[in-house]
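I opened this model to look up a few things. My notes follow in the order I took them.

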Amino acid sequence: MEKIAIIGSGLIGRAWAISFARAGYEISLYDEVAGAAERAIAFARDMAAPLEAEGLLEGQSADALAARIKPAGSLEAALEGAIHVQENTPEDVAVKQRVFAEMDAVAAPETVLASSTSAILPSQFTGHLKGRARCLVMHPINPPYLVPAVEIVPAPWTDPAATEKARQLAIASGQAPIMMKREIDGFVMNRLQGALLEEAFRLVADGYASVEDVDVGIREGLALRWSFMGPFETIDLNAPGGVKDYCERYQQLYSRLFGSMQHRVDWTGEVLQTVEKERRAKLAAADLPERHQWRDRRLMALAVHKRKAAKEIGT
Ligand SMILES: NC(=O)c1ccc[n+]([C@@H]2O[C@H](COP(=O)([O-])OP(=O)(O)OC[C@H]3O[C@@H](n4cnc5c(N)ncnc54)[C@H](O)[C@@H]3O)[C@@H](O)[C@H]2O)c1
């Protein structure tokens with residue numbers, strides 16, 4: 001059984017533990033806060049039960065999965081014999097620089113060192129390391145055991161052999177790797193999400209639509225296709241002759257829009273009052289935790305559906 005080390009056992013570290021353990025890896029979990037790794041393992045055990053019930057554990061029992069996740073007493077002990085290290089410490093460049101230096105000093109030379117960072121470029125915390133060629137970013141969407149996409153981002157000095165190892169591990173763990181050719185702020189997914197959010201705020205700020213109607217446009221419209229096709233495949237199927245035909249037919253229409261999309265919106269400005277008022281009218285702040293659970297259950301149901309549909313209808 002190959003071993004994966006997980007450093008930092010908060011929201012993302014514990015979620016990665018479930019994903020990798022489900023794929024059959026032995027997990028060594030280290031957190032600098034005493035008792036945190038044990039709490040993360042208890043979380044993984046609790047979460048494994050509904051995953052097992054939904055058939056999302058590849059036929060394994062929740063107990064078998066939880067038994068593969070063990071706490072480590074030190075970073076060095078966690079990394080001992082690990083083929084891959086997934087770092088999940090707080091989103092702070094100084095912390096990442098320090099933790100990566102510690103990991104690089106003790107990890108075997110062939111071990112890949114990956115960070116879950118959402119928004120720090122890999123070149124910002126790996127350049128000073130002797131083993132910088134085996135460092136990269138492997139950025140998941142929370143929680144990776146339900147949302148497969150993961151961005152694999154190289155620094156300019158990352159060895160392609162390391163990104164290839166990360167890609168193979170992601171696939172073996174049921175993730176869908178996005179192989180970035182080079183680093184850029186926001187990687188791929190936050191850039192796409194940012195573009196959509198900026199337009200959503202602009203439509204509300206400029207008084208064209210309500211917050212709820214923007215959500216309907218995605219929830220009951222675009223996202224139905226996007227939950228199994230990307231924007232490029234969507235347009236490839238939206239004109240009889242495919243993507244080329246689509247661009248010839250519709251580029252004019254989109255070109256007309258872009259002029260009115262150029263001004264920035266301050267998300268924390270006046271528009272936030274409107275968004276906050278409309279959201280809180282629909283969902284009281286006190287009900288947010290319950291709604292988080294609802295979201296996770298819907299995600300689980302969607303994961304089950306997507307697997308079934310992919311098997312029965314094809315991908
Ligand atoms: N929360 C998300 O939705 C999300 C999604 C994708 C990626 N990420 C990224 O994952 C990383 C972790 O985020 P999170 O939400 O899990 O944070 P978190 O605060 O829940 O967890 C961080 C954990 O790291 C531990 N820690 C701090 N310093 C440490 C050290 N030196 N050694 C070992 N453990 C240490 C803390 O005790 C804590 O348990 C961040 O880089 C974040 O950007 C978060």
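I get 24 residues, and Gly8, Gly10, Ile12, Ser118 and Asn142 come nearest. Helix 1 (11-22), helix 5 (93-106) and strand 6 (135-140) are the elements that give two or more residues to this shell. Helix 1 gives the most, with three residues. I take helices (H or I, at least four residues) and strands (E, at least two) as DSSP runs, numbered from the N terminus. By class, I count ten nonpolar, eleven polar and three charged residues in the shell. Here Ala, Val, Leu, Ile, Met, Phe, Trp, Tyr, Cys and Pro are nonpolar, Asp, Glu, Lys and Arg are charged, and the others, Gly among them, are polar.

**Ground rules.** The model is predicted, so I note its limits: local features need pLDDT of at least 70, side-chain atom pairs count only at pLDDT 80 or more, and totals for chains, interfaces and linings use all residues. Residues are numbered from 1 along each chain as its sequence is written.

**Domains.** The domain assignment (automatic or database) gives domain 1 (3-179) and domain 2 (189-282). Their centres, taken over C-alpha atoms, are 33 Å apart.

**Cores.** I call a residue buried if 20 or more other C-beta atoms, placed from the backbone, lie within 10 Å of its own. A nonpolar core joins buried Ala, Val, Leu, Ile, Met, Phe, Trp, Tyr and Cys residues through C-beta atoms within 7 Å. The largest has 55 residues, and Ala17 and Leu29 have the most contacts inside it. Another core, of six residues, lies apart from it and includes Phe201 and Val211.

**Leu29.** Which residues is Leu29 in contact with (C-beta atoms within 7 Å), leaving aside neighbours within four places in sequence? Among them I find Ile6, Ser9, Gly13, Ala17, Ile69 and Ala78.

**Strands 4 and 5.** Strand 4 (residues 82-87) and strand 5 pair in the parallel sense over four bridges; pairing takes at least two DSSP bridges. His84 has Val112 in strand 5 as its bridge partner. Strand 5 (residues 112-115) is covered on both faces: Val112 and Ala114 are buried on one side, Leu113 and Ser115 on the other.

**Gln86.** This residue is in strand 4. Why is Gln86 buried? Because Gln86 has 27 C-beta neighbours inside 10 Å. Beyond four places in sequence, Gln86 touches Ile4, Ile6, Trp16, Ala114, Ser116 and Met138. Gln86 and Leu29 are 57 residues apart in sequence, yet 9.7 Å apart in space, C-alpha to C-alpha.

Technical notes
Near = placed C-beta within 6 Å. Buried ≥ 20, exposed ≤ 12 C-beta atoms within 10 Å, placed from the backbone. Contact = placed C-beta atoms within 7 Å.
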